[in-house]
Amino acid sequence: MSHYPIFADLNRRAVLLVGAGHIAERKAESLLAAGAQVRVAAEKLSPRFEEWQRQQRIIWLGKTFQTAFLDDVFLAVAATDDHELNRQVFQAAEARGKFCNTVDNLDLCSFIVPAVIDRSPIKIAVSSGGTSPVLARQWRQAIETLVPLHTGKMAAIAGAWRTRVKQAIGSTAERRRFWENLFAGRFSTFAAQGDQAAAEAELQAQLNHWQPNRGEVVLVGAGPGDAGLLTLHALQAIQAADVVLYDALVSDEIMAMVRKDADKISVGKRAGAHHVQQEATNRLLVEYANEGKRVVRLKGGDPFVFGRGGEEAQVLAEAGIPYRIVPGVTAALGATAYAGIPLTHRDSAQSALFITGHCRRNGEEPDWRTLALSNQTLVVYMGTLKAADITAKLIEHGRSADTPVAVVSNGTLPNQSVQTGRLKDLPAMAAQAERPALMVIGEVVSLRGSLRWYGDRELPTQPEQAA
C-alpha cells in the first residue's frame, strides 16, 4: 500500500492555497465544502476567487508566496502553472512538517486527493496513488451507481441512535448484527422514501424485539490461492465473520479480504509441520460458536476435498451448532487449469482421479492397479514426500515410465511454477518442487505446450539419475 488512506477534518482549519486560477478553483471548491478557512497566495484572483473574497469566504494573503504563510496552517495546496513556484511551496511545507499537495505532480505531494463518492456522512474514496487519476475516476463512477442516494440518510439516523443501541446491546458483535439486519430490511425502504419518522419507528421496533443471536460456523473453501477464484458466498462469509480460523495454505491476498476487525487465528497445517491439532481446531469452532459468534473455518481449496471438512461438520452436528458449507475451487481444478493442463480430454483421458499422498489408515494400500490404468489423469495432493514410492508402485502395476507428468507449485498464484517430465523423473522433480505442490500424472500433461496461457515459470527438469 503506497499511501495510507485518511480523511482529514478541515472544518475551521486554515489551509494555504497557492494559486487562484481555474485549476485552483476546483481545489478551493472542495476545501470550502469541507469547512476549511482558505488562505490564498496568488498574483491575481480569477473572477470566481474575487467573488469568494467579496463573500469573505477566502482570505487573500498577497501576490507572492512567503514561507511564513505556512506557519499556522493545517496543510497546503500548490495549484499554479509555475513548476518552480510549486516546488518552492512543497519544499517549504516539507521543511515545516506540513502536508502539501501539488496539482498534477505526484513527486511534489505528501498527500493526494482521491476521487470521492459523497453520501454524507458516508464518503467513499477511490485512489490510484496518484498514478492514474482517470482510472480512479472511472471506478468512482462505477461505484457511484452501486451506492443508493439514501445511504447518507440511513447513516445520519444510525448516528443519532448509536448511543441508545449501545446501551441496549452490550456486545460489539451483537450490535454489528443488529445494524446489518436493520440496514437490510424495511428501515432502508423508509429512508429511501424520505420518511424519517417511519425509519426511526422501525429502528425502535427492531431494538425492542432484539434477541441474542446463536452462533454459527461456515466451512469456506478459499480455493488454491488466487483471490479472484473466491466464490461470492465465500467473500460474503469472510467479510461477515467475527472469527476466522484459517489454514496455512490460504493466500495473503485472500486473508487481506477478511473483515479487518475479525479475530484471525492460524490453525494451519503443512505436511511435516503441524501447528494445531485437528481436535483443538474442532474445539475452537464449537467454543466460539457457543459464544454467539459467526465463525468461518477458512480452508485452502475445497473443505470436502482432502480438507477434513467432513470431520469438522460431524463435530458441529454432534454439538448442535448451525453450520453451512461454501465449496471452493479445489487445487486439482485450479492449479491444472492455470498450468494449461486439462484433466480430461477426448483423445487422452476419459477420467480423472484425485488421491492424497499420505494419511493411509491402518497401513492400507490404495488400489494401485486401478490408479495405474492408462487414459486417465491421476492428481496427487500432498504427495511430493512420497513421490518415489508412488512412482515405483505405478510403474510396478503397469503405468509406463514415460507417462507425461507435471509438478505444479503455488498453483494460481503469481509465483506459480511448473515442471514437466516423465513418470520416471517424478521423484527428482518432486524433490526440487516448492511447496505447496500438486503432482499430475497422465497423457494430458503433454497438452501444456499448446494450451499454456498463464504467465508462470517453466522449471527445468532434473532427470532421476540411475544408481
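**Helix packing in a predicted model**

**View 1. Helices H6 and H8 are oblique to each other, because they pack at an angle of about 135°.** H6 covers residues 172-183 and H8 residues 196-208, and their axes lie 11 Å apart. Axes are lines fitted to C-alpha atoms, for helices over the stretch in contact, and angles run from 0 to 180 degrees between N-to-C directions. Helices are DSSP runs (H or I, at least four residues), numbered from the N terminus. The model is predicted: local features need pLDDT of at least 70, side-chain atom pairs count only at pLDDT 80 or more, and totals for chains, interfaces and linings use all residues. Residues are numbered from 1 along each chain as its sequence is written, and side-chain values use heavy atoms, with hydrogens and water left out.

**View 2. Residues at the contact of H6 with H8.** Phe 178, Trp 179 and Leu 182 of H6 meet Glu 202, Leu 203, Gln 206 and Leu 207 of H8, where contact means heavy atoms within 4.5 Å.

**View 3. Helices H1 and H2 pack at an angle of about 30°.** H1 (residues 22-33) and H2 (residues 47-54) have axes 10 Å apart, and the two helices are therefore roughly parallel to each other.

**View 4. Residues at the contact of H1 with H2.** H1 contributes Ala 24, Glu 25, Ala 28, Glu 29 and Leu 32, while H2 contributes Arg 48, Phe 49 and Trp 52.

Methods
Angles under 35 degrees count as roughly parallel, over 145 as roughly antiparallel, 65 to 115 as roughly perpendicular and the rest as oblique.
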